[in-house]
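Walk through the side-chain contacts of this model.

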Amino acid sequence: MEMACYLKVVSVTVLSKKQRREQRKVDRRHKANQLRRNKKDTVLTEKRRLGSKDGPPHLVAVVPLHVQVSASAVTKLLRGKDAGGIVHQERCISGVTESFALLLPRFKQRFIFMNQNAADLHSLLDIAKVADSLVFVLDSTEGWDSFGEYCLSCLFAQGLPSHGKQWVDAKRALSKITEARFPDARLFSLDNEQEATLLLRHLGSQRQRKLGFRSRRSHLLAQNVTFTPNPEGNTGLGTLCVSGYVRGCPLSVDRLVHITGHGDFQLSQIDAPSDPLPLNISAARVIKPGKDVDMVVDGGEEETTRVLMKADPSRRENLQAEAEVDPMDGEQTWPTEAELLEADEARKNKRVMKVPKGTSDYQATWIVDEDEENGDIDEESKDGEEEEEVCASERTGADQHYDENMDKAAEEEDLQRYREARANELFPDEVDTPRETPARIRFQRYRGLKSFRASPWDPLENLPPDFSRIFQFQSFERTRRRILTEASAEDEGAMVGWYITVHIIDVPPSVMENVQAGRPLVLVSLLSHEQKMSVMHLLMRRHPSNMEPIKSKEELIFHCGFRRFKASPIFSQHTSADKHKMERFLRPDAPTVVSVYAPITFNPAGALLFKQREDGAQDLVATGSLLSCDPQRIVLKRIVISGHPFKINRRSAVVRYMFFNRDDIMWFKPVELRTKWGRRGHIKEALGTHGHMKCVFDDQLRSQDTVLMNLYKRVYPRWTYDPFVPHPSLWVKREVTVEMHDLDDME
């Protein structure tokens, strides 16, 4: 007997749509928690690395904000024996006399302190670009003086790292004063060495502020600098060897570096000397006690230096800042595809005619039907000549009749009275039409727009020659995100915390002279494309302490991220439209977009503007941030030419003083008119030969109204970029005109 075998197939459990939706929700929650934990671990790792043996020393700048306080008194307490530190090296920062390294074996931390004089504002800003913490020394009663407020405005605009406040004989009132300016900072009283120990402990454990413009770029503050002239030729250039701790992110030898205030350069190699500030002091080092401090000196060890990496010429980025200009680009005559298609269509629609046998296409184009051609020409010419004669005779007769009834002397007197009466009441951007030069010649680069917002303007039309020297992104924002993502994931080169020596080639001797003059040297690695020139836009706000007018295209000094340079910008309104009206002056009541030829910089980055005065001083003009890089941002300069309604007849009126000849009226006839009282109209016809014209409006005019015509032209910055900015011999100390407790608008 045969037995049948049966199998039961059980299907896998199928989730419903609701269950799948709940599962995805749970997965998203787990992923968000994991990302949060990873970010927290990263922040804690960076915090623990700073100042430890695996990271760079904690860089602290002590800045006095009042003339009655001294930064040296603060650093003297920090050097004391009771503070628990060991002074390991004096003058450890090249160019900064009052700087020293402090080791704290008990806390397993190391610090570098430096006293920065606030009078040298450029050096103060350079130090703040790389410092991990700023310690502000305040007066016990006033806090900070006017120049201290001036320095704070610059520092807040550039971007502040972690900061604290110290004072002697503190009072409770000072805490209230500083709370408005430093809401998150802690106020310390520094009267003895025990309180200095508390300050050191706080500096080592406080939360570090992350500044966007430096966290994605490797940078270092020079601790030792040497200069060796090039042996070949008499170029005056040489190799600059800069030693310091890598900060921010790993430093690649194939990337370009920027020295603040001097320009961009290439690296040849990176060396790895021994760490001059080790936390574990070896037995070969001897501690010699001094009067007030303990000094650690080497016990005769020979320092070993090894080459870490050398630049690869095939991978090293070049210094090309400007695009190569081909003078023949404008002379190319090769037809485009659209022109070729248009020619093919014209060839297909060509008239067919009989030609002798053996005639080529080229020869056939020259064969015409003489009878038909002559008949058409004769008929058209006769009609045209008759119409032209009739129009000319009518126009001449009408003009002569209108001019005969005009009193020219009275016309001149009325014009003078009209211009004198409205000399102090000019409409913004209003200009007088010149009488010696025809308006169609004087304003030939201007055009009319029916609507400033909606009328089209080609961004590639009539570009200046300087635009052939710059670079442009197809999408700046997409490129910025990609490059910043690649920079954050880069793990090649000298790692953060390593003490290295970089060899910078082809450096002018002025860099070394600047260091020998007692100024710090800040080195930063550039991201891809950041050495190339383009049109940069910054969103700036006028500083309250500056009252002088700042003209467009006036040369100013820029602090933008790590860069410091001179350039001549133009100002424009900050709107979301595709066209932006130029501002003749930097406005004090609204944010202004500042456009300038400058090297590309990827935001975020703070920005400051200074004005060089005739006496050598530099005055803070505006503060803000980097906006974008866009050469196609259209900035239009507007001028307004005006006329006076001479005779009014309901909606029509005779207008004079806008033009002074008939040809100008016919040239500007297509441009729309408007009035100060809101009427709109157009030119209907010219009357006579002295600039009178008949105009029609959408409503009746008033006799006291003024007829206006808006004309526009595109403007561009002036190319005066200079990366070398000397330090001023004098800083302008202005009294701040706002209340001390209402300072949020200045940031």
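The count comes to 32 salt bridges, each a side-chain nitrogen of Lys or Arg within 4 Å of a carboxyl oxygen of Asp or Glu. This is a predicted model: local features need pLDDT of at least 70, side-chain atom pairs need pLDDT 80 or more, and totals for chains, interfaces and linings use all residues. Residues are numbered from 1 along each chain as its sequence is written, and side-chain values use heavy atoms, without hydrogens and water.

R480 and E477 form a salt bridge at 2.8 Å, N to O. They sit three residues apart in helix α13 (residues 476-489), so about one helical turn separates them. Helices (H or I, at least four residues) and strands (E, at least two) are DSSP runs, numbered from the N terminus.

D722 and K566 also meet in a salt bridge, at 3.8 Å, N to O. This one links distant parts of the chain: D722 is in strand β33 and K566 in strand β21, 156 residues apart. Shared partners join D429, K581, R584 and R638 into one salt-bridge network.

Now the rings. There are 16 aromatic pairs: Phe, Tyr or Trp (its six-membered ring) with centres within 6.5 Å, stacked under 30 degrees between planes, edge-to-face over 60, tilted otherwise. F565 and Y721 make a tilted pair, 5.3 Å centre to centre, with 50° between the planes. The pair connects strand β21 (residues 563-568) to strand β33 (residues 718-722).

F467, Y597, Y716 and W719 form one aromatic cluster. R469 lies over the face of W719, 3.8 Å from the ring centre; the rule asks for NZ of Lys or CZ of Arg within 6 Å of the ring centre and within 35 degrees of the ring normal.
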